[in-house]
Amino acid sequence: MILNISKNIYQQISNHLIDAYPNEGAGFLLGYTKNHNRTVRMILALVNEWETKEQTNRYKISAKAYMNAEDVAEQKGLDLIGVFHSHPDSPANPSEYDREFALPWWSYLIISINNNKVDHAKCWVLDDDRNQFIEEIFNIK
Amino acid sequence: MTIIKMPTPLRLYTDGQTEINVQGNTVGEALKDLMSQHNELEQHLYNDDGQLRAFVNIFVDGDDVRHLNGVDTQITPNSILRIVPSVAGGF
């Protein structure tokens with residue numbers, strides 16, 4: 001699978017995650033999948049609902065926010081195709097904690113934010129047996 | 001028949017179906033019936049100890065079963081169940 005993101009949407013994602021820095025920020029990717037290509041059409045930038053003192057290395061999106069996101073996607077004729085979140089001052093590699101909470105099929109876009117700036121980004125997908133993340137190609141066009 | 005609404009990422013294992021008809025008098029029985037129809041879901045809903053994974057929330061008619069009787073919560077053929085993931089992560 002290849003994830004395609006427009007420059008404009010990637011900028012929206014970056015802005016949200018920079019605003020959240022030094023805490024983790026997160027949100028949903030909405031779009032569609034065709035053949036082996038996945039295209040992001042819009043994002044839902046969300047509040048990190050993890051308890052405040054641990055937000056520098058944890059994020060949480062509530063069940064209520066999830067249900068709302070699915071409803072928005074349905075209204076727009078899109079699918080929830082993934083999640084984005086930041087790793088402040090840390091590489092964009094998924095942690096064991098990320099894997100534990102991950103769902104299959106979704107694209108997990110992780111952006112490393114260092115000193116209020118985007119450092120680098122990587123995209124991942126959980127394999128079917130839940131044992132590991134596999135890096136996914138993503139394009140910013 | 002009771003309906004279970006599936007979250008987007010798990011529709012991969014239900015042939016794309018968003019709603020599945022199941023039988024059972026409790027949430028646990030309904031989930032067991034769901035597993036019997038789509039057994040690949042099990043590894044994503046349950047951990048190795050046979051417990052629902054921490055990120056799996058089950059709502060019955062809008063109420064989280066953790067605030068009711070968990071998997072023993074009674075349901076009727078008119079109940080609507082929704083599987084809702086808590087999305088979390090970090091490093």
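Guide: A residue is called buried under 20% relative accessible area and exposed over 50%, with partly exposed in between (1.4 Å probe, protein chains only). Both Trp106(A) and Tyr108(A) are buried. This is a predicted model, where local features need pLDDT of at least 70 and side-chain atom pairs count only at 80 or more, while totals for chains, interfaces and linings use all residues. Residues are numbered from 1 along each chain, chains are lettered from A, and side-chain values use heavy atoms, without hydrogens and water.

Visitor: Why is the pair of Trp106(A) and Tyr108(A) called edge-to-face?

Guide: Rings of Phe, Tyr and Trp (its six-membered ring) pair if their centres lie within 6.5 Å; planes under 30 degrees apart are stacked, over 60 edge-to-face, and the rest tilted. Here the centres are 6.2 Å apart and the planes meet at 65°, so the pair is edge-to-face.

Visitor: What kind of pair do Phe101(A) and Phe55(B) form?

Guide: A tilted one, with 6.1 Å centre to centre and 50° between the planes.

Visitor: Why does that pair join two chains?

Guide: Phe101(A) sits in the loop between α3 (96-100) and β6 (107-114) of chain A, and Phe55(B) in the loop between α2 (42-45) and β3 (56-60) of chain B, so the pair joins two chains.

Visitor: Is Phe101(A) buried or exposed? And what about Phe55(B)?

Guide: Phe101(A) has 12% relative accessibility, so Phe101(A) counts as buried. Phe55(B), at 2%, counts as buried too.

Technical notes:
Helices (H or I, at least four residues) and strands (E, at least two) are DSSP runs, numbered from the N terminus.
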